[in-house]
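Please consult the sequence and coordinates below alongside the text.

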Amino acid sequence: MCKIKCLFLLMLVVLCSSCKESTEDEKTMQQMVERLFPKYASQFSFEQSEKIAKDWYEVEAKGGTVQIRGNNANSMAVGLNYYLNHYCLTSVSWYVNDTVEMPEVLPMLPTKITSTARCENRFFLNYCTFGYTMPWWTWKDWERLIDWMALNGINMPLAITGQESVWYRVWTKLGLTDEEIRNYFTGPAHLPWHRMSNLDYWQGPLPKEWLDTQEALQKQIVARERQFNMRPILPAFAGHVPSELKRIYPEAKISRMSSWGGFEDKYRSHFLD
């Protein structure tokens, strides 16, 4: 009886060791393929493996499954993109309405592919993109762009959506009125140039609803970027302030900036020394 119990326990140990629970990075990758090409999602497997000095990935075919390993989700995403580009002859667009065209049968790799990253920090985006391209984006649009960033190995994306919500709280605590603050901000499409201290007030006041929805959107953005092992680059304070701050702090050294882009003088920005 004792031998039977020992054998049973040994079988349980073997079964448990073969049913390893997926890591968060592996789950993140499985969710990505389910978003991009759900019909084929079951034919991909992901394994987070040892960490070395550089990001790395491996891609190989086993038993009709494309197996991708890497040190984190970002690396595995790059491995997936290599397979899509070189074997499926397809690409993933950053536009959510563009479908991912996959072959009827997934091609199997003849040999294992291994690669390591050439640089540690891979930055993406600039301020103007948030005005030219993204001002009216919803989470659905951002979700696809973040997938695209991961597939292309981005790990330091600029993340400035919704920062006006933070400044609204700061200026409120310092004593400015709701109207003064929201009028200081520009309209949504010109916020990048407001953030870069080029102009204020243009097409203001910025609606309070905009501040709230953009804050919620930013929280979704940075959470997903961090799931893909990215370090979002958040804005800091450079000295750009509302001119109305002089009303509360009359002794503060606040300078008026030069005119920009042909806008009238009343839209010029102000800077704290």
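Pro 205 is placed in the loop between H8 and H9, where helices (H or I, at least four residues) and strands (E, at least two) are DSSP runs, numbered from the N terminus. A cis peptide bond, with omega about 0 degrees, joins Gly 204 to Pro 205. The model is predicted: local features need pLDDT of at least 70, side-chain atom pairs count only at pLDDT 80 or more, and totals for chains, interfaces and linings use all residues. Residues are numbered from 1 along each chain as its sequence is written, and side-chain values use heavy atoms, with hydrogens and water left out.

**Confidence**

- The protein chain has a mean pLDDT of 93, and 93% of its residues reach 70 or more; pLDDT is the predictor's confidence in each residue, from 0 to 100.
- Where pLDDT is low, the predicted coordinates should not be read in detail.

**Overall form**

- The secondary structure of the protein chain comprises 10 helices and 9 strands.
- The radius of gyration of the chain is 25 Å, well over the 19 Å that the globule rule gives for 273 residues, so the chain is more spread out than a compact globule. This radius is taken over C-alpha atoms, and the globule rule is 2.2 Å times the number of residues to the power 0.38.
- Along the principal axes, the C-alpha atoms fill a box of roughly 85 × 50 × 35 Å.
- Of the 273 residues, 46% count as buried; buried means under 20% relative accessible area, exposed over 50%, and partly exposed in between (1.4 Å probe, protein chains only).
- The accessible surface of the chain is about 15,100 Å², and 56% of this belongs to carbon and sulfur atoms. Accessible areas come from the Shrake-Rupley method with a 1.4 Å probe; for residues, only the protein chains shown count as cover.
- Among contacts between residues at least 6 apart in sequence, 64% join residues at least 24 apart.

**Nonpolar cores**

- The largest nonpolar core has 46 residues, and those with the most contacts inside it include Met 29, Phe 37, Phe 44 and Trp 142. A nonpolar core is a set of buried Ala, Val, Leu, Ile, Met, Phe, Trp, Tyr and Cys residues joined through side-chain atoms within 4.5 Å.
- Elements giving two or more residues to this core include helix H2 (24-36), strand E1 (44-48), helix H3 (73-86) and helix H5 (139-151).
- The largest share of this core, 8 residues, comes from H5.
- Leaving aside neighbours within four places in sequence, Phe 37 is in contact with Phe 44, Leu 80, Leu 84, Val 100 and Met 102.

**Helix H6**

- In helix H6 (residues 163-173), the buried residues are Gln 163, Glu 164, Ser 165, Trp 167, Tyr 168 and Trp 171.
- These buried residues pack against helix H7 (178-184), helix H8 (191-195), H9, strand E7 (240-241) and helix H10 (245-248).
- Gly 175, which follows H6, has a positive phi near 110 degrees.

**Cysteines**

- The structure holds 0 disulfides, a disulfide being a pair of cysteine sulfur atoms within 2.5 Å.
- Cys 88 counts as buried because its relative accessibility is 8%, whereas Cys 128, at 22%, counts as partly exposed.

**Loop positions**

- Gly 64 lies in the loop between E2 and E3 and is partly exposed, with a relative accessible area of 43%.
- Not counting residues up to four places away in sequence, Gly 64 touches Gln 43 and Met 108.
- The C-alpha atoms of Gly 64 and Pro 107 are separated by 9.0 Å, although the two residues are 43 residues apart along the chain.
- Gln 203 is placed in the loop between H8 and H9 and touches Thr 186, Gly 187 and His 190, not counting residues up to four places away in sequence.

**Positive phi outside glycine**

- Leu 89 is not a glycine, yet has a positive phi of about 55 degrees. Leu 89 lies in the loop between H3 and strand E4 (113-116) and is exposed, with a relative accessible area of 70%.
- Asn 229, also not a glycine, has a positive phi of about 60 degrees. Asn 229 lies in the loop between H9 and E7 and is partly exposed, with a relative accessible area of 29%.

Notes
Contact = heavy atoms within 4.5 Å.
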